[in-house]
Amino acid sequence: EVYYGDSTGDGPQADALTFVYYSGDPTGNGIALATAYFHRDGSNYRFMKTFPDVFGEGPVKGTTVRFLPGKARFSMAVLRANDPRCCPTGRASYTVTLNAAPGTGR
């Protein structure tokens, strides 16, 4: 899942926050999720960083990622104590820092 916005002042869709599902288990029995930030560099996007402290099963259905100066805000679905693995009912809100210097593209 990819969400585009402008947190740097570099124009519409200058920044992309992605939620990438991957198999972190060599047996193929588990799916992991990484949240990563990309910044537009000309006609391509350049990987900037991941956010290892973001946990959850993915963005809350219907969520919108809000791009703010140097940051992004979103909600993740998380498991509560008695939730079956398939159906998280909890929510966690995150604000992550994208860039240290808005307007610089770095």
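This is a predicted model: local features need pLDDT of at least 70, side-chain atom pairs count only at pLDDT 80 or more; totals for chains, interfaces and linings use all residues.
Two strands are counted as paired if DSSP finds at least two bridges between them.

Strand β5 and strand β6, the latter covering residues 71-78, pair in the antiparallel sense over three bridges. Within this pairing, phenylalanine 67 has alanine 72 in β6 as its bridge partner. The two strands belong to an open sheet of three strands, arranged in the order β5-β6-β7 with antiparallel pairing. At its edges stand β5 (66-68) and β7 (90-97), each of which pairs on one side only. On average, neighbouring strands of this sheet are turned by 25 degrees against each other, direction ignored.

Attention now passes to the charged side chains. The structure contains two salt bridges. In one of them, the side chains of arginine 85 and glutamate 57 meet at 2.9 Å, N to O. This pair links distant parts of the chain, since arginine 85 lies in the loop between β6 and β7 and glutamate 57 in the loop between β4 (44-50) and β5, 28 residues apart. Arginine 85 counts as exposed because its relative accessibility is 56%, and the threshold for that class is over 50%. Glutamate 57, at 31% relative accessibility, counts as partly exposed.

The other salt bridge joins the side chains of aspartate 41 and arginine 46, at 3.5 Å from N to O. Aspartate 41 is partly exposed, with a relative accessible area of 46%. Arginine 46 is likewise counted as partly exposed, at 35% relative accessibility.

Methods: Residues are numbered from 1 along each chain as its sequence is written. Side-chain values use heavy atoms; hydrogens and water are left out. Helices (H or I, at least four residues) and strands (E, at least two) are DSSP runs, numbered from the N terminus. Axes are lines fitted to C-alpha atoms, for helices over the stretch in contact, and angles run from 0 to 180 degrees between N-to-C directions. A salt bridge is a side-chain nitrogen of Lys or Arg within 4 Å of a carboxyl oxygen of Asp or Glu. Buried means under 20% relative accessible area, exposed over 50%, partly exposed in between (1.4 Å probe, protein chains only).
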